[in-house]
Amino acid sequence: MTTQTIPISGMHCNGCVRSVTNALKNVEGVSDAEVSLANEQALISFDPDSVSIEALRKAVEAVGYQIPQPIAL
């Protein structure tokens, strides 16, 4: 398991945090996600062999938010 922090933009309330958290946790290979509204970040624990940044980006965008910069996992 690997843990990494990624930026999340577009959040403005606790409902946003819940939406992003649930979206990330539903990505296959993600074991945990903790999203911070104050820091606009998500701390994600995942299997690096089965999770791609594209999968995380699609999950976050599907609920209306963004991963605003290029990220390497």
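**Core and sheet of the predicted model**

Ile44 counts as buried, with a relative accessibility of 1% (buried means under 20% relative accessible area, exposed over 50%, partly exposed in between, with a 1.4 Å probe and protein chains only). The structure is a predicted model, in which local features need pLDDT of at least 70 and side-chain atom pairs count only at pLDDT 80 or more, while totals for chains, interfaces and linings use all residues. Residues are numbered from 1 along each chain as its sequence is written, and side-chain values use heavy atoms, with hydrogens and water left out.

Ile44 lies in strand β3 (helices, H or I of at least four residues, and strands, E of at least two, are DSSP runs numbered from the N terminus). Not counting residues up to four places away in sequence, Ile44 touches Thr2, Thr3, Gln4, Ile6, Leu24, Val30, Asp32, Ala33 and Leu56, where contact means heavy atoms within 4.5 Å. The C-alpha atoms of Ile44 and Asp32 are 5.8 Å apart, although these residues are separated by 12 residues in sequence.

The sheet is open and consists of 3 strands in the order β1-β3-β2, with antiparallel pairing (two strands pair if DSSP finds at least two bridges between them). β1 (2-7) and β2 stand at the edges with a single partner strand each, so one side of each is left without a neighbour in the sheet. From one strand to the next, the twist averages 20 degrees. α1 packs on the sheet, touching β2 and β3, and its direction makes about 165 degrees with that of β2 (axes are lines fitted to C-alpha atoms, for helices over the stretch in contact, and angles run from 0 to 180 degrees between N-to-C directions).

β1 and β3 pair in the antiparallel sense over 6 bridges; Thr3 has Ser45 of β3 as its bridge partner. Gln4 is also found in strand β1 and counts as buried at 19% relative accessibility. Apart from neighbours within four places in sequence, the contacts of Gln4 are Ala42, Leu43, Ile44, Phe46, Ile71, Ala72 and Leu73.

The largest nonpolar core has 23 residues, and Ile8, Leu24 and Leu56 have the most contacts inside it (a nonpolar core is a set of buried Ala, Val, Leu, Ile, Met, Phe, Trp, Tyr and Cys residues joined through side-chain atoms within 4.5 Å). At least two residues of this core come from each of α1 (14-25), β2 (30-36), β3 (41-46) and α2 (53-62). α1 supplies the largest share, 5 residues. Beyond neighbours within four places in sequence, Leu24 is in contact with Val30, Ala33, Val35, Ala42, Ile44, Leu56 and Val60.
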